[in-house]
Amino acid sequence: TIVRGPALTTRTDNPRRALAERVNPRGAIIDRNGVALAETVGDQGEYARSYPLGASAAAVVGYDSPTFAQSGVELSRDETLRGEAGHDAVTTWWQHLTQGTPPPGLGVRLTLDAALQESVAQALSPYRGAAVVLEVSSGNLLALVSSPSFDPNTLEQGWANLTASADAPLLNRAIQTAYQPGMIFSPFLLAQGMQ
């Protein structure tokens with residue numbers, strides 16, 4: 001317990017984490033304009049995670065589930081969203097001492113544009129593939145879509161179908177697979193072939 005305690009506490013399958021998140025709200029994930037991509041809803045003791053964009057932003061935001069752990073930004077920024085990181089040491093210590101849980105989670109702002117994310121997701125929805133939209137001047141990620149996708153709001157109910165589907169909707173095709181570059185390279189390849 002003393003040696004492995006910190007590692008066991010931070011494991012995503014630790015039931016204490018799920019209980020703590022029902023009491024302390026997890027931080028929100030918002031886009032560049034302040035639109036919520038993931039938020040905590042409900043009353044204390046009954047907190048649950050909600051994903052307003054549903055399947056449109058699932059590839060980036062991911063999910064936070066007491067049964068199936070986390071993915072996406074929910075996983076990569078888990079410590080901040082849970083309140084384990086970002087607070088000063090005294091606040092964290094006092095909260096652990098008095099409540100036995102970390103302080104309320106802090107929010108995370110992404111460079112995504114929710115409106116653009118939804119429109120790209122709608123355009124890609126009948127196809128299997130991925131789309132990434134970057135702002136050239138800054139390198140900011142404006143949209144990242146994987147299709148087919150899943151709705152993180154219904155993850156618990158649909159898990160069996162999601163894992164059994166031949167389309168692999170849980171696979172983030174934008175960052176977990178390799179695709180041939182699009183037609184933008186065709187003129188260069190043709191020119192090289194003609195020489």
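This is a predicted model: local features need pLDDT of at least 70, side-chain atom pairs count only at pLDDT 80 or more; totals for chains, interfaces and linings use all residues.
Which residue in strand 2 does Ile-30 stand opposite? It is Ala-36 that faces Ile-30 there.

The chain holds 195 residues, of which 34% are buried. Its secondary structure comprises 9 helices and 8 strands. Taken along the principal axes, the C-alpha atoms fill a box of roughly 75 × 40 × 35 Å.

Four strands make up an open sheet in the order 3-2-1-6, and the pairing is mixed. At its edges stand strand 3 (48-50) and strand 6 (108-109); each has a single partner strand, so one side of each lacks a neighbour in the sheet. Within the sheet, strand 1 (residues 29-30) pairs with strand 2 (residues 36-41) in the antiparallel sense, over 2 bridges. The opening pair, Ile-30 and Ala-36, belongs to this region.

I turn now to helix 2, which spans residues 15-23. Which of its residues are buried? They are Arg-17, Ala-20 and Glu-21. Viewed down the axis of helix 2, the buried residues fall within an arc of 100°, and they therefore line one face of the helix. Pro-15, Arg-16 and Leu-19, on the other side of helix 2, are exposed.

The next topic is the aromatic residues. The count of aromatic pairs comes to 4. One of them joins Phe-68 and Trp-159, which are stacked, at 3.9 Å centre to centre and with 10° between the planes. This pair links distant parts of the chain: Phe-68 sits in the loop between strand 4 (64-65) and strand 5 (69-70), while Trp-159 belongs to helix 8 (residues 155-164), 91 residues apart. Phe-68 is partly exposed, its relative accessible area being 22%; for Trp-159 the value is 22%, and this residue too is partly exposed. The rings of Trp-93 and Trp-94, in turn, have centres 6.0 Å apart and planes at 50°, so that pair is tilted. There is also one aromatic cluster formed by Tyr-63, Phe-68, Phe-150 and Trp-159.

Together with Trp-94 and Leu-97, Trp-93 forms a nonpolar patch on the surface, with about 400 Å² of accessible area in total.

Finally, I come to the charged side chains. How many salt bridges does a search of the whole structure find? The search finds 8. In one of them, Glu-135 meets Arg-32, with the closest N and O atoms 3.9 Å apart. Glu-135 lies in the loop between strand 7 (129-134) and strand 8 (141-147), and Arg-32 in the loop between strand 1 and strand 2, so this pair ties together parts that are 103 residues apart in sequence.

A further salt bridge brings together Asp-167 and Arg-128, at 2.5 Å from N to O. Asp-167 is in the loop between helix 8 and helix 9 (186-194), whereas Arg-128 is in the loop between helix 7 (114-124) and strand 7, 39 residues apart. Asp-167 counts as partly exposed, at 33% relative accessibility, and Arg-128 counts as exposed, at 52%.

Salt bridges that share partners also join Arg-26, Arg-49, Asp-64, Glu-74, Asp-78, Arg-82 and Glu-84 into one network. Within it, Glu-84 and Arg-82 meet at 4.0 Å, N to O. Arg-82 is buried, with a relative accessible area of 11%, while Glu-84 is partly exposed, at 31%.

Definitions and conventions. Residues are numbered from 1 along each chain as its sequence is written. Side-chain values use heavy atoms; hydrogens and water are left out. Buried means under 20% relative accessible area, exposed over 50%, partly exposed in between (1.4 Å probe, protein chains only). The arc is that of the directions from the helix axis to the C-beta atoms. Patches are made of residues with over 30% relative accessible area and no salt bridge: like charges are joined within 9 Å, nonpolar side chains (Val, Leu, Ile, Met, Phe, Trp, Tyr) within 5 Å. Accessible areas come from the Shrake-Rupley method with a 1.4 Å probe; for residues, only the protein chains shown count as cover. Two strands pair if DSSP finds at least two bridges between them. Rings of Phe, Tyr and Trp (its six-membered ring) pair if their centres lie within 6.5 Å; planes under 30 degrees apart count as stacked, over 60 as edge-to-face and the rest as tilted.
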